[in-house]
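Morning, everyone. I'll take you through a few local features and keep it short. Here is the model.

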Amino acid sequence: MCVVDAAAKEAAVAWFLREYPQAEQAEYAHPALLGCTDVAWSQIPGCPAELPVLLRGLLDQVAGPEALRVLDNVLMNGVFHVSPAMSAALPFLIRLAALPDIVVRSGMVDLLVVAAELSQPVDADNERQVLLLGNECDHPERAWCRAAFATHAPALQALLEDKTLPDGLISAADRECLLKAIEPQRYSSS
């Protein structure tokens, strides 16, 4: 498994800041980023303190694709594991994905789907699942993500019901995955 360590995440963010200095100077006033500066990002294990700059960068037409690529690396701890920062970032990702004019919207929806899928509980009796994803008790970030999805279910539900979404932005399988994240009891038998 490829694990992205904290130093590599810090280096990726530093590179982004050098390449896209305009992202660092952008305002936090956008409604989708409300509360972003209130999160103690540097207190989250393995999370660069500059993570808000990546979230702001998503709003920039030029920097957006690179901000999303770096953010993907920061919010993942490997192919099958979300980082502890994912749950703190989810409210902002959900609100940003609801913006119709954001260049990286489809990539953000993909990231939300990955977070929803990887935050599902692991069946301790399923050896393959445990081998790939680890035991539930060893990965509290999954429960934190489930709580974040539950807390922000209305905003995610609104995104899923948005009649102005371009066709194909959210596939039927991705829609079901996101619905499962916000309505786990309804989809527990699937």
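Which residues of H9 are buried? One caution before the answer: this is a predicted model. Now the list. Ala153, Leu156, Leu159 and Leu160 of H9 are buried.

Look down the helix axis next. The buried residues of H9 fall within an arc of 125°, so they line one face of the helix. What do they pack against? Four helices: H5, residues 85–97; H6, residues 105–118; H8; and H10, residues 172–182.

Let's take H8 from that set. H8 covers residues 140–151, and H9 covers residues 153–161. Their axes are 5 Å apart, at an angle of about 70°. That angle makes H8 roughly perpendicular to H9, because 65 to 115 degrees counts as such.

Who makes the contact? On the H8 side, Phe149, Ala150 and Thr151. On the H9 side, Ala153, Pro154 and Leu156. By class, that contact has five nonpolar residues and one polar residue, with no charged ones.

Last stop, His139. This residue sits in the loop between H7, residues 127–133, and H8. Buried or exposed? His139 has 16% relative accessibility, so it counts as buried; the cut-off is under 20%.

What does its side chain do? The His139 side chain makes a polar contact with the side chain of Glu141, at 2.8 Å. Leaving out residues up to four places away in sequence, His139 touches His81, Leu133 and Gly134.

That's my tour. Over to you.

Key
Residues numbered from 1 in each chain as written. Predicted model: local features only at pLDDT ≥ 70, side-chain atom pairs only at ≥ 80, totals over all residues. Heavy atoms only, no water. Axes fitted to C-alpha atoms, helices over the stretch in contact; angles between N-to-C directions. Helix = DSSP H or I, 4+ residues; strand = E, 2+ residues; numbered from the N terminus. Parallel < 35°, antiparallel > 145°, perpendicular 65-115°, else oblique. Contact = heavy atoms within 4.5 Å. Nonpolar A, V, L, I, M, F, W, Y, C, P; charged D, E, K, R; others polar. Buried < 20%, exposed > 50% of the residue type's maximum accessible area, 1.4 Å probe, protein only. Arc of directions from axis to C-beta. Polar contact = N/O pair within 3.5 Å; in protein donor to acceptor, adjacent residues only side chain to side chain.
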